[in-house]
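Here is a short briefing on one protein model. Keep the sequence and the 3D view open as you read.

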Amino acid sequence: MSNFGLRIFPLSPESQGVVGRQIRNPKFEIQNGWRGGVVAIGELIAFAIGALRGHRLRTGLSVAGVAVGIAAVIALTALGEGARQYVVQEFSALGTNLLIVVPGKVETTGMMPFGGVINDLTIDDYRAVTTRIPEVMRAAPLATGEETVRYGGLARSVPVIGTTAELVEVRRLKIGAGQYLPPGDPDQGGAEMVLGIKVADELFGGESPLGKVVRLGDWRFRVVGVLAPRGRSLGFDFDDIVQIPARTSMRIFNRTSLFRILVELHPGEDLEVGKKAILDLLAERHRAEDVTVITQDAVVNTLDSILGVLTLALTAIASVSLTVAGVGIMNVMLVAVSERRHEIGLLKALGASTVQILAVFMTEAAVLSTLGGVVGLAVGGAAVRAFVGVYPTFPAATPMWAIVASLVMSMIVGVFFGVVPARRAARLDPVEALVGR
Amino acid sequence: MIVLRDLWRTYRVGDSDVHALRDVTLEIERGDYLAVMGPSGSGKSTLLNILGCLDRPTSGSYAFDGHDVGSLSDGERTRLRQSEIGFVFQFFHLLPRLNAQGNVELPMLFAGVSRAERRQRAARALEAVGLSDRVHHRPDQLSGGQRQRVAIARAVVMEPRLLLADEPTGNLDRAAAVEVMELLGSMNAEGQTVVLVTHDPEVGSRATSAVRMDDGAIVERR
C-alpha cells in the first residue's frame with residue numbers, strides 16, 4: 001500500500017464515491033446524439049481569456065489591429081456626420097424661409113429664335129421683388145468681385161460683396177464696431193465700406209479703421225464699420241471680405257447683372273408660393289422665364305445627401321481596415337492552432353467534443369476582436385474629442401449607430417475570421433496532435 | 001471489461017500497407033493491471049490509442065463494457081473518453097498557463113461540471129496524489145514527478161473505468177519514476193483498471209500481467 005492515501009478512489013459500486021461518483025451514471029450508457037457537455041459561455045470566455053493571456057504580445061497586436069479599424073470607423077463617421085450637421089446648422093442659422101434668386105435658367109435653351117438670351121438681374125428687379133411681392137419680408141442683392149484693398153503701405157486682395165443694408169438682417173451678420181452700410185435707395189452707390197475682422201486686423205493692426213479712407217482698386221472708400229468675427233459661412237469667409245454698396249460694386253466691376261438676390265419671406269409664408277411669386281414677377285419684367293429660384297431646403301437637402309454619401313464612403317474605407325484586421329485575427333488564430341496542437345489533442349483525449357473545441361477557438365477569436373472593438377471605440381472617441389478640442393465650432397460627434405455598428409462589426413469579424421482556424425482545430429486528429437512534445 | 005478480437009490497424013504509406021497492429025486479441029478484466037511491452041514501433045502506442053478511442057482499428061472488434069466501440073458515433077466515443085477513460089502521457093501534456101488545480105479541472109470543464117464542484121473534486125484528486133501543497137503552482141514551478149502526479153490526478157478525476165498510461169515514467173528520473181509507479185500501483189490496488197505502455201522491463205514488472213508486442217503482434221503473454 002502506498003503512502004498516498006488513495007482511499008478516495010473507490011471503484012466498487014457499493015463504496016461511497018467521494019470524487020463525484022454521484023454526478024454520472026453508475027454504468028456507462030450510450031446516449032444518441034450526445035455532443036459534449038454544455039459548457040457555460042462564461043466558462044468558455046474565461047478559458048479563452050486564459051489562453052489569450054498566455055500570448056500577450058500576439059494578443060495585443062491583433063487587438064490593436066481591430067482597434068485601429070474600429071477607431072478609424074468611429075473617427076471618420078464622426079467627421080462625416082459632423083460635416084453634415086455643420087452644413088445643416090449653417091443653413092438653419094440663416095432662417096429656413098430664405099430663397100435665392102440666380103440669373104439664368106437651368107434647362108436647355110435654343111428652341112426659340114433668340115432663345116438662350118438671359119436678361120440681367122438688375123437692381124430694379126431687386127427693388128421690384130422687395131416692393132411688389134407681399135410675401136417678401138426683406139431681400140438683399142449680391143454683386144461680387146475681387147479687388148485689392150489698400151491702406152497706408154499695405155495692400156490685400158479680397159473678395160468684395162456689393163449689397164445693401166438689408167444683408168445684415170438676411171445673413172444675420174453682427175457688427176463689431178461702427179455700423180453697417182447705410183439704408184436707402186439701392187441705386188445710390190455710396191462710398192461706404194464695411195470690413196471683415198481679418199481685413200481690418202491685417203490693414204490697420206491695432207488701429208481703429210472707423211472713418212479711415214481706404215482704396216479699392218482706383219476707388220476711394222470710407223470705412224463705416226467692422227463685422228464681428230464670424231468665420232466661413234456658405235462659401236464666404238465673412239472675416240476676410242469687404243462690403244460696399246451694390247450699385248458701386250457693379251460700377252467698379254463693370255457688371256450689368258447682380259450675382260444673386262437673397263430673399264427672406266415673412267415667417268410662416270409658404271416657400272413655394274414665394275418662389276412662384278418671384279418667378280412670375282421676374283418673368284413679367286423680363287418677358288421670359290430666365291431666372292432660377294433655389295429654396296434653402298433644396299440646398300440643404302442636396303448637401304445633406306451629398307455629405308451623407310460622403311460619410312458612408314468614409315465608413316466603407318474605414319471598414320477595409322477592419323477586414324485587414326480580421327485577416328490578421330485569422331492569421332493569429334491559425335498560428336495559435338498549429339502552436340497548440342498538443343493542447344487540442346489533449347482536450348480531445350480528455351473528452352472535449354468537436355463542437356466544444358470549435359467553440360473554444362471561436363470564442364477566442366470573438367474575444368480578441370470584441371476587445372479590439374472596445375479599445376477602438378475608446379481610441380476613436382478620444383480622437384474625436386481631441387479634434388473637437390482643436391476645432392470647437394465643428395460639431396464632430398460619433399453617431400450612436402456607428403458605435404453600435406462598430407461593436408457588432410468587430411464581433412462579426414472575429415466570428416467570421418475565426419471559423420477557418422477553429423474548424424482546423426476541431427478536425428485535428430488527436431493521435432497526430434499528441435505525438436511528440 | 002474490455003475484449004479486443006482480431007484487431008488490425010493498417011496504415012497506407014505510399015504504395016504499401018504498414019501493419020501497426022496484426023491480429024491482436026486481448027481481454028482485460030476489471031481491476032487488471034496490464035503492461036504492454038515492446039520496442040518502439042512495435043504497435044503498443046497504437047494499441048493504447050485504440051483502447052482510448054482516439055484511433056479506430058482497420059478491422060476487428062473492440063468491446064468496452066459490452067458495447068461495440070466500433071459502432072459508436074464520434075460523439076459517443078467522445079463521451080466514453082470523457083467519463084470512462086483517463087489518459088496519462090509521457091510528456092504530461094499539462095497546459096502551462098493553468099495551475100495544478102486548473103489542469104485537473106479541465107476534463108470536468110468540458111463535462112459541464114459546475115465551478116464549485118470542479119474545485120472541490122480537483123482539490124481531492126490533488127490530495128490523493130499528495131500534492132495538496134502544490135494546488136496553485138503552475139507546471140513550470142513543479143518537478144517532473146510532481147507534473148506527472150498532477151496529470152494522474154487529472155486522469156482519474158472523472159473516475160474512469162480505464163486508466164491508460166503511455167510511458168508515464170519515460171521522461172522522469174529514477175526517484176520520480178518510482179513515485180509515479182507506486183501511485184499507479186496503489187490505484188490499481190484500490191480497484192482501478194490500469195493499462196500501461198512501456199519499453200522498460202523494470203516498470204513493466206510492476207504490473208500484475210504483461211503482454212509483449214513485436215511488429216504489431218502480441219508475441220508473449222505473462
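**The sheet in chain B**

Chain B holds an open sheet of 6 strands in the order E6-E7-E8-E3-E9-E10, with mixed pairing. Strands pair if DSSP finds at least two bridges between them. Strands (E, at least two residues) and helices (H or I, at least four) are DSSP runs, numbered from the N terminus.

This is a predicted model: local features need pLDDT of at least 70, side-chain atom pairs count only at pLDDT 80 or more, and totals for chains, interfaces and linings use all residues. Residues are numbered from 1 along each chain as its sequence is written, while chains are lettered from A and ligands numbered from 1 in the order in which they are written.

- The edge strands, E6 (85-88) and E10 (217-221) of chain B, each pair on one side only.
- From one strand to the next, the twist averages 20 degrees. Axes are lines fitted to C-alpha atoms, for helices over the stretch in contact, and angles run from 0 to 180 degrees between N-to-C directions.
- E3 (residues 33-37) and E9 (residues 209-214) of chain B pair in the parallel sense over 4 bridges.
- Met37(B) has Arg212(B) in E9(B) as its bridge partner.

**Helices across the sheet**
- Helix H1 (residues 44-51) of chain B lies across E3, E7 (162-166), E8 (193-198) and E9 of chain B. H1 runs at about 150 degrees to E8(B).
- Helix H5 (residues 144-156) of chain B lies across E6 and E7 of chain B, at about 170 degrees to E6(B). Contact means C-beta atoms, placed from the backbone, within 7 Å.

Terms used:
Two residues are in contact if their C-beta atoms, placed from the backbone, lie within 7 Å.
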